[in-house]
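Grab a pencil and keep the viewer open. The exercises below go from confidence to strands, then a helix, then the core.

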Amino acid sequence: MAVVEPPGQTEDRLSLDADDPPPKKRRRKVKSEEPVVYDIPPVESKTTTYQGRLGYACLNTILRTSKPDPIFCSRTCRLNTIVKKGLDFAKDLGIRNAKDLCKLIQWNEENHIRFLRISSEMFPFASHGEYGYALDYAAPELKAAGDLAKSLGHRLTSHPGQFTQLGSPKEEVVEAAVRELNYHCSMFDMLGVGADGVMIIHMGGVYKDKPATLERFKHNYSTKLTDAVKARLVLENDEICYNVDDILPVCEELNIPIVFDYHHNWIYPSTVPLTELIPRINATWHRKGIKPKQHLSAPRPGAVTVMERRAHAGRCATLPDELQAEGAGWWMRDGRREYVDLMIEAKDKEQAVLQLYRTYALQPVVWENLRPEQADAEGAIAAKAEKKSASKGAGRRTSTSKGEWGVAV
Ligand SMILES: [Zn+2]
């Protein structure tokens, strides 16, 4: 009989807090000796000439629910806990996160996934203005993870949070953004990964004046960032405030690569056709000697409004045709094809990658590591709830949709 386990946690963080009441003891169920068998539906097979690396962001849904010890890299805590228990509490979580990164990379290798976004929460509060700390204490763990990634040819990237806004008119926001970038940069430096270890941010909010915000970004980028940070910083087009047309001139002027996000471009498109646009975007990477990467996600089924269209589906059914085009999905280097790396930003994380592997016969999959699709069903419920709350308090969402903070993924 097919047994379906409860949905795995798809959030990429877990709060461990000393102040939380201890979990209630559950009565142990008698364990069944029978292994769980999942009902994995067939996929519709499709073809592509694209042969690049597919990756996923931060969390592995199988390892996160593994027993007895879940494996993940985003253990965090509340600031209050640091105040009460001391910084070592947070730093210890960082060590556990860094140690688990090795296990994540190893799992990825066994499943032919060689591209991973590392969690920004690896070291809780490391970039905090008051409680921030250097990562030297975790040098051995970071070096071990970086060495493993390098030896296996895996690419590691990161995506600092949506509050990392260098164009903000608020000085404290810019200072926090600089600290956040310095933290990510030192993490990459200590992992020992090369130029392909990029840090992706969005331009952020427009603050009622897009040209002025872009000017502030340029000024802060040029005057407040170290060369090491500039070498790793890349910008992504978003779906609300800044499309590719908005950021491309800035990126070409300052020599900043662009992460092209298909989903965002679908919601807030560039005026330039993709056949022209993506090669121009790839050039922003090539001239810096960094391998281009793009983002792919799909909207949830039945999404109609902008808010619904922004949300990511559990998986992606199709790879974009552009990936097959020379200059967009691949280019010639030393007489052979080199492919763009594609980050799959889907709720089902590694399962979305494995599904694309099966759909396009890109890589073999380990059947035992396949899970049934969960997130769309959850997503549909969440979308309904979102719709309900939006219609109840229409004014509440406007600041997020058009205002200060832009978007995150
Ligand atoms: Zn994205």
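**Exercise 1: Confidence**

Task: find the average pLDDT of the chain and the stretches where it is below 50.

Solution. Start with the whole chain: pLDDT (the predictor's confidence in each residue, from 0 to 100) averages 86, and 83% of the residues score at least 70. Next, look at residues 1–21, where pLDDT is below 50, with 45 contacts in the model beyond near neighbours in sequence. A contact means two C-beta atoms, placed from the backbone, within 7 Å. Residues 376–409 are also below 50, with 49 such contacts.

Two ground rules. This is a predicted model, so local features need pLDDT of at least 70 and side-chain atom pairs count only at pLDDT 80 or more, while totals for chains, interfaces and linings use all residues. Residues are numbered from 1 along each chain as its sequence is written.

**Exercise 2: Strand β7**

Task: work out which strands pair with β7, and whether its faces are covered or open.

Solution. Helices (H or I, at least four residues) and strands (E, at least two) are DSSP runs, numbered from the N terminus; strands pair if DSSP finds at least two bridges between them.

1. Strand β6 (residues 199–202) runs parallel to β7 over 4 bridges, and His-202 has Glu-236 as its bridge partner.
2. Strand β8 (residues 258–261) is parallel to β7 too, joined by 2 bridges; Leu-235 partners Ile-258.
3. Both faces of β7 (residues 233–236) are covered: Leu-233 and Leu-235 on one side, Val-234 and Glu-236 on the other, are all buried. Buried means 20 or more other C-beta atoms within 10 Å of the residue's own, with C-beta atoms placed from the backbone.

**Exercise 3: Helix α5**

Task: compare the span of α5 with the expected one, then list what its buried residues pack against.

Solution. Helix α5 (residues 171–191) has 21 residues and reaches 30 Å from first C-alpha to last, close to the 30 Å expected (1.5 Å times one less than the number of residues). Its buried residues include Val-174, Leu-181 and Phe-188. They pack against α4, β5, β6, α6, α7 and β7. Just after α5, Gly-192 takes a positive phi of about 80°.

**Exercise 4: The core**

Task: which residues have the most contacts inside the largest nonpolar core?

Solution. A nonpolar core is a set of buried Ala, Val, Leu, Ile, Met, Phe, Trp, Tyr and Cys residues joined through C-beta atoms within 7 Å. The largest has 85 residues, with Val-234, Ile-258 and Ile-344 making the most contacts inside. Its largest share, 9 residues, comes from α5.

Key. A residue is buried if 20 or more other C-beta atoms lie within 10 Å of its own, exposed if 12 or fewer, and partly exposed in between; C-beta atoms are placed from the backbone.
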